[in-house]
Amino acid sequence: MKSLKTFKIGGVHPEENKRSANAPIQILPFPKQAIIPLGQNLGAPSKPLVKRGDEVKTGQLIAGGESFIAANLHSPFTGKVSKIDNFLDSSGYRRPAIVIDVQEEDIWEDGIDTSGTIKREITADRKTIIDTIKSCGIVGLGGATFPTHVKMMVPDGKKAEYLIINGVECEPYLTSDHRLMLEKGQELLIGIQILMKALDVEKAIVGIENNKRDAINHLTELAAGFERIQIQPLKVKYPQGGEKQLIKATVNREVPSGKLPIEVGCVVSNVGTAFAVYEAVQKNKPLIERIVTVTGKAVKKPSNFKVRVGTPVQQLIDAAEGLPENTGKIINGGPMMGKAIMSTEVPVVKGTSGILLMKQEESRRKTALNCIRCSKCTSVCPMGLEPYLLLKLVKLERYEDGMKERIMDCIECGSCQFTCPSNLPLLDYLKLGKQRAGQIIRSRK
Amino acid sequence: MNQFTISGSPHIHGEESVSKIMYTVVLALLPAVLVSAYFFGLDAIRVLFIAVISCMFFEWVIQKYIIKGPITITDGSAVVAGMLLAFNVPSNLPWWILVIGALATIGIAKMSFGGLGRNPFNPALVGRVFMLISFPVQMTSWPIAKPVFAEGLTDAITGPTALGLLKEGVDAGKTIDQILADPAMPDYIDRITGNMSGSLGEMSAIALIIGGLFMIWRKVINWQVPFSIIFTVFVFAGIFHLIDPTMYIEPTFHLFAGGLMLGAIFMATDMVTSPMTISGKLVFGVGIGLITIIIRFWGAYPEGISFAILIMNAFVPLINNSFKPKRFGVKAVSK
């Protein structure tokens with residue numbers, strides 16, 4: 001068999017544990033009360049446009065993005081705004097959110113097509129597409145939640161040649177993108193064509209890891225009916241879903257250090273985002289729901305749910321037949337890059353791809369020992385950094401030297417810490433170092 | 001209310017651990033242990049036992065009574081150090097010299113720098129060189145290998161090693177052909193299988209290579225260090241052999257005689273004291289190969305790899321500073 005494409009430097013292969021891969025997407029019942037955090041996207045938080053006591057319809061704009069990198073927020077439910085206050089979110093801080101008392105029946109905002117018919121023909125022009133993506137509050141659903149309309153605006157002098165669609169889902173456990181590709185393939189491919197039109201690119205490549213053969217086969221079949229969309233199977237290797245690694249794997253180009261993918265003529269978008277773009281442009285439906293995997297070794301019924309934003313995590317856990325007794329940690333996202341959350345009252349947001357419940361015995365880190373200089377961290381780093389050295393530099397507060405050793409190139413994938421035989425908290429130090437180095441860079445400006 | 005653990009990502013950890021790595025090395029050493037037990041009988045087991053127990057004992061004493069920190073003697077690193085120390089000595093070495101060697105290994109070379117991971121020099125080699133310089137006679141009287149099932153030979157016959165014969169011969173002005181004709185010189189097959197006199201671990205190149213391949217497969221060592229040492233020794237010794245075959249023996253002799261395989265596979269590859277990057281490891285190996293041959297050709301000792309490794313150990317920080325990994329997206333040329 002010929003070897004599959006992948007990225008060249010570093011990488012690890014954690015146990016896949018895709019327990020929910022065969023669980024079809026189910027629609028989750030509505031909660032009684034929804035909490036919609038205002039800061040769901042990368043960049044500035046949205047400004048609320050409703051006040052306490054207002055009646056809102058499903059899909060109604062409730063908060064606006066004002067600055068350049070910002071996104072609109074729409075009400076995921078029909079109901080009444082009961083308060084606007086600070087609530088615990090997945091960051092672990094209490095931050096502003098709109099609370100809605102949910103009414104059982106959906107009353108949709110005017111002009112939203114909620115029928116299941118697939119609309120294939122793309123009538124919108126380039127500008128309309130980008131405007132719709134913006135007004136519908138679409139952000140990157142891979143987890144980074146970067147506002148999609150900003151990505152679509154290619155800077156002057158640059159040209160996008162490839163649209164690369166991320167269907168890699170390299171995080172262990174998670175299967176939301178996998179199920180979406182299987183169940184919404186047609187819509188997804190139309191979404192990709194919309195993005196291609198907006199970017200004016202010749203070709204789109206959908207990268208999918210080879211542990212999702214069914215999705216590869218299904219999309220390859222469907223893509224025969226679409227022009228210029230290529231389905232590219234990739235070797236299973238973490239962190240292939242990293243933007244730079246995916247570009248390297250699919251078109252063999254290296255995004256220069258500190259630069260964006262457009263530098264090498266690429267724009268990368270997640271499959272979930274492409275589906276949201278379809279719904280926005282063809283159906284005028286804002287981003288108010290997403291697919292979320294609920295899984296874990298002790299979870300009774302690992303599942304994939306279609307969830308409205310603002311639904312408390314508890315609701316998802318209940319639907320997966322409850323919180324296992326020995327749960328020690330709840331993670332928003334995957335086990336490699338996800339965030340541990342403090343409470344099941346935290347709501348699902350646009351960037352929530354999965355809820356992972358870890359058993360007590362998996363939850364604690366092992367005792368850290370001396371670095372034995374095995375150089376495993378260096379050989380697995382997909383950015384070609386030396387995590388052992390950066391850890392030392394950050395410990396010594398030598399941030400300037402850390403910058404010289406390219407600490408800002410770190411993509412926080414966690415491969416170093418995953419592989420360290422001495423159980424060192426490498427990524428903790430790298431994140432701290434990046435934050436400090438970022439402060440230094442900003443203070444120079 | 002439930003209390004959940006909050007910690008940064010990643011939330012899973014690979015199955016790698018320090019003690020797993022160390023016990024993999026112990027496993028990799030076993031073929032060579034069996035070979036030495038075959039040739040030297042109970043003496044080999046005695047030396048191994050004393051070395052391992054003393055290393056663990058000194059580590060325990062130092063951690064308990066001097067450092068007053070956690071005891072880590074079960075992590076396997078003291079076992080590896082003890083085994084490698086035993087591999088570097090003759091099988092008839094008096095026990096008290098071995099104990100002093102173990103003290104130098106653990107006390108001076110390892111614990112005084114802060115324990116596992118902090119030592120700049122390979123501990124077992126420091127122990128060996130310490131003993132070699134302090135007890136030159138005992139450290140260089142090599143028992144002749146006596147296979148366990150062979151008949152007729154009596155115990156405690158010592159003789160020079162192949163490298164020793166070579167050195168003496170060259171110094172006495174003999175040609176290579178005359179040296180090889182010496183009946184004491186082991187033939188080719190004996191040199192590869194280990195049927196010759198020498199230290200415990202340097203006997204059988206085949207057993208050492210099996211251990212090395214096992215460690216490469218288990219990703220405990222990279223191929224770069226052993227390969228570059230062996231390649232450099234072969235090329236460098238080969239060049240001199242081509243220049244003057246009467247003065248310089250053919251290069252494969254250097255590969256299979258003495259501690260070269262042991263050093264290249266088990267000593268130079270020590271994680272703690274070797275460079276961190278692929279290119280750095282290659283440079284490190286080439287340096288060891290060159291210094292080894294320089295000592296073997298022109299130095300005072302017949303054997304040079306221990307010194308070569310220790311010298312290159314000192315260059316590791318410099319190598320780490322100069323040889324960086326291939327960075328992603330730096331000087332990238334887009335097609």
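**Entry 1. Helix α11 of chain A**

I began with helix α11 (residues 387-395) of chain A, in what is a predicted model. Seven of its nine residues are buried, so the helix is largely enclosed by the rest of the structure. I listed the buried residues as A:P387, A:Y388, A:L389, A:L390, A:L391, A:L393 and A:V394. I then asked which helices the buried residues of α11(A) pack against. They are α10 (376-380), α12 (399-404), α13 (415-419) and α14 (426-444) of chain A. After α11(A) comes A:E397, and I noted that its phi is positive, near 60°.

**Entry 2. Domains of chain A**

I looked up the domain assignment of chain A, which gives domain 1 (28-102), domain 2 (126-283) and domain 3 (376-444). Taken over C-alpha atoms, the centres of domain 1 and domain 3 of chain A are separated by 35 Å.

**Entry 3. Strands β4, β7 and β8**

I turned to strand β7 (residues 79-88) of chain A, which pairs with strand β4 (residues 55-56) of chain A in the antiparallel sense over two bridges. In this pairing, I found A:K80 of β7(A) as the bridge partner of A:E55. How many bridges join β7(A) to strand β8 (residues 94-102) of chain A? I recorded nine, with the two strands running antiparallel. A:N86 has its bridge partner in β8(A), namely A:P96. The hairpin of β7(A) and β8(A) has five residues between the strands, and there A:G92 takes a positive phi near 90°.

**Entry 4. Residue A:K119**

I next located A:K119 in the loop between β8 and α1 (126-135) of chain A.

**Entry 5. Helices α4 and α7**

I examined how helix α4 (residues 185-199) of chain A packs with helix α7 (residues 271-283) of chain A: the angle is about 80° and the axes are 7 Å apart. Angles of 65 to 115 degrees count as roughly perpendicular, so α4(A) is roughly perpendicular to α7(A). On the α4(A) side, the contact is made by A:E187, A:L188, A:I190, A:G191, A:I192, A:I194 and A:L195. On the α7(A) side, I listed A:V271, A:A274, A:F275, A:V277, A:Y278, A:V281 and A:Q282. By class, the contact of α4(A) with α7(A) has eleven nonpolar, two polar and one charged residues.

**Entry 6. The six-stranded sheet**

I traced an open sheet of six strands in chain A, ordered β1-β14-β13-β17-β15-β16, with mixed pairing. Its edge strands are β1 (25-27) and β16 (339-341) of chain A, each of which pairs on one side only. Neighbouring strands of this sheet are turned against each other by 35° on average, direction ignored. Within the sheet, strands β13 (residues 289-295) and β17 (residues 354-359) of chain A pair in the parallel sense over three bridges. I found A:G354 of β17(A) as the bridge partner of A:T293. Helix α3 (residues 176-183) of chain A lies across β1, β13, β14 (303-308) and β17 of chain A, running at about 125° to β13(A).

**Entry 7. Chains A and B**

Finally, I looked up the contact between the chains, which takes 54 residues from chain A and 32 residues from chain B. The side of chain B that touches chain A has 14 nonpolar, 13 polar and five charged residues.

Terms used
Residues are numbered from 1 along each chain as its sequence is written. Chains are lettered from A and ligands numbered from 1 in the order in which they are written. This is a predicted model: local features need pLDDT of at least 70, side-chain atom pairs count only at pLDDT 80 or more; totals for chains, interfaces and linings use all residues. Two strands pair if DSSP finds at least two bridges between them. Helices (H or I, at least four residues) and strands (E, at least two) are DSSP runs, numbered from the N terminus. Axes are lines fitted to C-alpha atoms, for helices over the stretch in contact, and angles run from 0 to 180 degrees between N-to-C directions. Two residues are in contact if their C-beta atoms, placed from the backbone, lie within 7 Å. Ala, Val, Leu, Ile, Met, Phe, Trp, Tyr, Cys and Pro count as nonpolar, Asp, Glu, Lys and Arg as charged, and the others, Gly among them, as polar. Domain bounds come from an automatic or database domain assignment. A residue is buried if 20 or more other C-beta atoms lie within 10 Å of its own, exposed if 12 or fewer, and partly exposed in between; C-beta atoms are placed from the backbone. Angles under 35 degrees count as roughly parallel, over 145 as roughly antiparallel, 65 to 115 as roughly perpendicular and the rest as oblique.
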